[in-house]
Structures are given as C-alpha cells and as structure tokens.
Amino acid sequence: MTTQTTHALQPQFRLEQKRRITGSFPGPKSVALNERRSAVVAKGVASGVPVYVADADGGIVHDVDGNSFIDLGSGIAVTSVGASDPAVVAAVREQVEHFTHTCFMVTPYEGYIAVAEKLAELTPGDFEKRTVLFNSGAEAVENAVKVARVATGRTAVVAFDHAYHGRTNLTMALTAKSLPYKGGPAGNFGPFASEVYRVPMSYPFREENPSISGAEAARRAITMMEKQIGVESLAGIIIEPIQGEGGFIVPAEGFLPTLAEWARENGVVFIADEVQSGFCRTGEWFAVNHEGVVPDLITMAKGIAGGMPLSAVTGRADLLDAVHPGGLGGTYGGNPVACAAALAAIDTMTDLDLSARARRIEEIVVARLRKLQSETGIIGEVRGRGAMLAIEFVMPGSKEPNPVATKAIAAACLEEGVIILTCGTYGNVVRLLPPLVIGEELLNDGLDVLEAAIRAVK
Ligand SMILES: *Cc1c(COP(=O)(O)O)cnc(C)c1O
C-alpha cells in the first residue's frame with residue numbers, strides 16, 4: 001500500500017467518461033449545422049474539429065450526433081476544472097438569479113473584490129498588490145502594458161521570439177508569428193502598434209549553441225535591450241514563462257530569474273503572461289513558481305473561471321495605483337457571473353488539489369512519450385511541465401521541423417475520437433492540455449490513440 005499524502009476530494013462527473021465514436025463523423029446534425037454556419041459565420045473564424053458540441057464534462061465532449069470525444073485540449077487550456085464543474089455551475093446559477101451585470105464602474109459588487117483578494121493571495125510576491133479585471137487574455141495584456149507605461153513614464157515594450165499575446169492591435173504587435181495572427185494571403189491586419197521590440201527567447205531544443213545556459217541566453221536578450229532600445233526608454237518586458245502558441249517552449253533554467261533580476265535593477269516592469277500557464281496547469285498555481293520568480297505584474301485568463309470569460313492583471317500596488325481613477329476598466333470587465341465562476345473554480349482547484357493532479361498527468365504522459373521517443377525517429381523533444389506538455393516532431397535523424405507528420409497525427413487522433421491541438425512557430429508541435437480533472441483511465445485511452453497515431457507515421 002502506498003500512503004496518500006493528500007486528502008483531496010475526487011471529481012464528480014455527470015457524463016460517463018468514455019470515448020465512443022459511432023461510425024463516421026461529422027454526423028448528419030453536425031453537417032446540417034455546418035451548412036447553417038457557412039451562410040452566416042465569418043470564414044476568418046476557423047474550427048479545428050468538424051463536429052458541434054451538445055454537452056461536455058470532465059475529460060469528455062459529446063457531439064450532436066452521439067459521439068463522445070476525449071478532450072486533450074480543454075478549449076485551449078481553459079476548462080482545467082472540467083467544462084461543467086458542479087461548483088462552477090452552482091455558483092453561476094446562483095449569481096444569474098440575482099443579477100447578471102451592473103458594471104463595476106457604475107454600481108460595484110462584492111464578487112469583484114473577492115476575486116481580487118484571492119489573486120493577491122495566490123500570486124507570488126509578499127508585497128501589497130492590486131488587481132483589475134477584464135474579459136480576455138489580450139485585454140489583460142494590453143492593460144498590463146498601459147500600467148507599465150504610466151508607472152514608468154517610458155514607452156518601449158519588449159516581447160520575445162515565438163511569443164503569443166493575443167489578437168488585438170497591441171497584442172498582435174507583441175505576438176511573433178505572422179500567419180495566421182498578423183495577416184495572411186488576403187492581406188495583413190496592420191499597421192501594428194509602435195514601440196514594440198523583439199528579442200531572442202531561450203529555446204533549448206533549437207539553440208545554435210546547445211550548451212548555452214539560461215543565464216547566458218538571458219544576457220543575449222539583455223544586451224539587445226541595452227544596446228538597441230536603451231533602458232531609459234524601456235517600460236516593460238512581457239514573457240510567457242512557458243510559451244503557449246509558440247510551441248510550449250520551456251526556457252532553460254536561469255533564463256527567467258536572470259531577466260527578472262535585470263528588470264528589477266533597471267526599473268523595467270517584468271510582466272509574466274500566465275494566460276495559458278496559470279491556475280495549476282503546470283503543477284503550480286503559476287509557472288513562474290517553478291523557479292521562484294516574482295513578477296511585477298501577472299496577466300491571467302484561460303483557466304481562471306471554469307470557462308467563463310474573465311481575465312486579470314495582478315501586481316505591485318505602486319504600479320497599478322499609478323494609473324489615475326477612470327484610466328482602467330471596461331463595460332464587462334469583472335462581470336459578476338464570471339467572478340462567481342472564478343471563485344468556484346479556484347475552490348475546486350484547491351479542494352481537488354489540481355496542481356498535484358497536473359504533476360501526476362506529467363508523470364504518466366512523459367513516461368509514455370519518452371519511451372515512444374526512443375522507439376520512433378520523429379520525436380525531436382518531449383517537454384513541458386505538469387499538464388502543459390508537448391511533442392516537437394522532426395524529420396528522422398535531424399531537427400528539421402515536421403509539420404506534415406504533426407498534422408497527420410492530430411488528424412488520426414481526431415478520427416479515433418481524441419481531440420488534440422497543435423502549435424509552434426513551425427507548426428510541428430502537438431500539445432497536450434487535458435482538463436486537470438481527467439481520470440487516469442480516460443487519459444491513458446487518449447494516449448493509446450496518440451501513440452498508435454505516432455507509430456503509424458511512415
Ligand atoms: C491565449 C493567450 C492570450 C490571449 O488570450 P485571449 O483570451 O484569447 O485574448 C494571451 N497570452 C497568452 C500566453 C495566451 O495563451
């Protein structure tokens with residue numbers, strides 16, 4: 001017998017946690033919905049999976065034709081507590097019966113304050129903190145930059161190679177990848193915001209000098225900032241502690257602490273964009289915790305509210321309070337229903353100890369993938385933390401990206417009823433973002449499918 005060190009509760013599921021594909025899909029109801037969609041929904045919004053959802057719970061998504069899929073994407077790292085966590089559902093129900101909206105800037109309410117109190121408690125740093133709430137990750141990032149500029153009186157902002165920060169004008173400028181985010185064959189979305197500069201990331205698998213340390217990679221970026229931008233112009237640097245859309249890139253150890261220390265010494269605001277990596281996803285409340293990095297500002301969204309749209313900027317009180325009253329806000333920011341959902345989702349994360357579950361998912365997945373890596377020629381690297389894990393596919397015997405195999409693997413998984421997302425600057429990364437509440441049996445069933453799909457690549 002092994003002794004349990006935690007006494008976390010077990011997740012409760014409404015839907016049977018089982019993959020079931022009945023014949024070929026998309027079925028007739030999904031096909032009909034797709035026809036309606038084509039007539040009215042803009043083509044620019046593309047969907048990765050050709051079926052329409054009827055229900056979702058835990059690690060399972062049901063479509064309108066009676067198929068059930070294993071969800072290894074969580075709607076892009078959002079439904080960490082599951083897509084219909086009972087605590088979130090109850091909190092939302094309770095709140096909507098009272099009021100759906102008043103606008104915090106008009107007639108405020110307690111939920112907003114309670115979320116800010118929670119975030120002050122959960123984010124790293126034992127200084128006084130302030131929080132402001134918004135709706136999307138991009139909005140949080142835009143506002144963190146606004147705060148950094150006002151607080152420092154400087155204008156330049158630095159982002160990194162492979163970064164993803166969103167699709168609004170300023171966040172497109174911060175985002176590295178051109179297609180599809182900044183434009184495409186039909187034209188581009190610019191002109192983009194000015195005073196945004198890009199410096200090299202630490203990307204261990206693709207470093208020209210594979211022995212470069214994290215601190216050295218940070219010095220490389222710092223030299224560029226000092227020589228090409230000038231510290232006196234630099235308001236802030238924004239970085240994903242583990243990059244999301246860019247390929248789940250985990251910087252070499254020492255990279256983040258070196259940057260954070262340099263930023264502190266130079267009065268540059270260090271902004272950690274934890275929109276994807278936050279809220280137990282990596283096995284800690286925040287990905288910066290793995291190296292004890294304390295950001296000045298943290299942006300949060302995706303996993304924060306069990307699927308309801310909410311985002312936040314939390315950080316040093318002196319920075320956030322530098323902004324004049326009325327300078328921050330928005331009609332829906334910190335919507336009361338979203339706040340109620342966030343408080344419930346955070347309770348679920350605590351009650352079920354979802355950080356421990358994320359670490360357990362890492363254990364299971366990484367052991368299987370490392371074995372597979374040694375047996376097949378196309379896995380360049382298996383990386384990530386907790387339940388934010390990725391496989392970078394290469395051409396056999398090289399580091400040349402293999403987007404063709406990556407696409408084929410994701411398609412083969414879907415064919416068998418497993419939803420898998422891809423990412424990466426070179427389109428050659430499969431990313432695994434299961435709901436943290438997923439059962440081990442279901443997870444292993446999904447991994448069986450993924451493994452067979454990888455082995456089938458010629
Ligand atoms: C998804 C994401 C964003 C943008 O969030 P939206 O809610 O889509 O606007 C910003 N930063 C990171 C790291 C993300 O993963």
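Reader: What makes Lys-129 count as lying over the face of Phe-127?

Author: Lys-129 is 5.8 Å from the ring centre of Phe-127. A charge sits over a ring if NZ of Lys or CZ of Arg is within 6 Å of the ring centre and within 35 degrees of the ring normal, so Lys-129 counts as lying over that face. Likewise, the charged end of Lys-399 sits over the ring of Phe-205, 4.6 Å from its centre. By the way, this is a predicted model, where local features need pLDDT of at least 70, side-chain atom pairs count only at pLDDT 80 or more, and totals for chains, interfaces and linings use all residues. Residues are numbered from 1 along each chain as its sequence is written, and side-chain values use heavy atoms, leaving out hydrogens and water.

Reader: How many aromatic pairs does the structure hold?

Author: Eight. Rings of Phe, Tyr and Trp (its six-membered ring) pair if their centres lie within 6.5 Å; planes under 30 degrees apart are stacked, over 60 edge-to-face, and the rest tilted.

Reader: Why is the pair of Phe-25 and Phe-69 called edge-to-face?

Author: Their centres are 5.2 Å apart and their planes are at 85°, so edge-to-face it is.

Reader: And why is Phe-69 called buried?

Author: Its relative accessible area is 0%, and buried means under 20%, exposed over 50%, partly exposed in between (1.4 Å probe, protein chains only). Phe-25, at 12%, is buried too.

Reader: What makes Phe-104 and Tyr-112 a stacked pair?

Author: With centres 3.7 Å apart and planes at 10°, the pair is stacked. Phe-104 is partly exposed at 25%, whereas Tyr-112 is buried at 10%.
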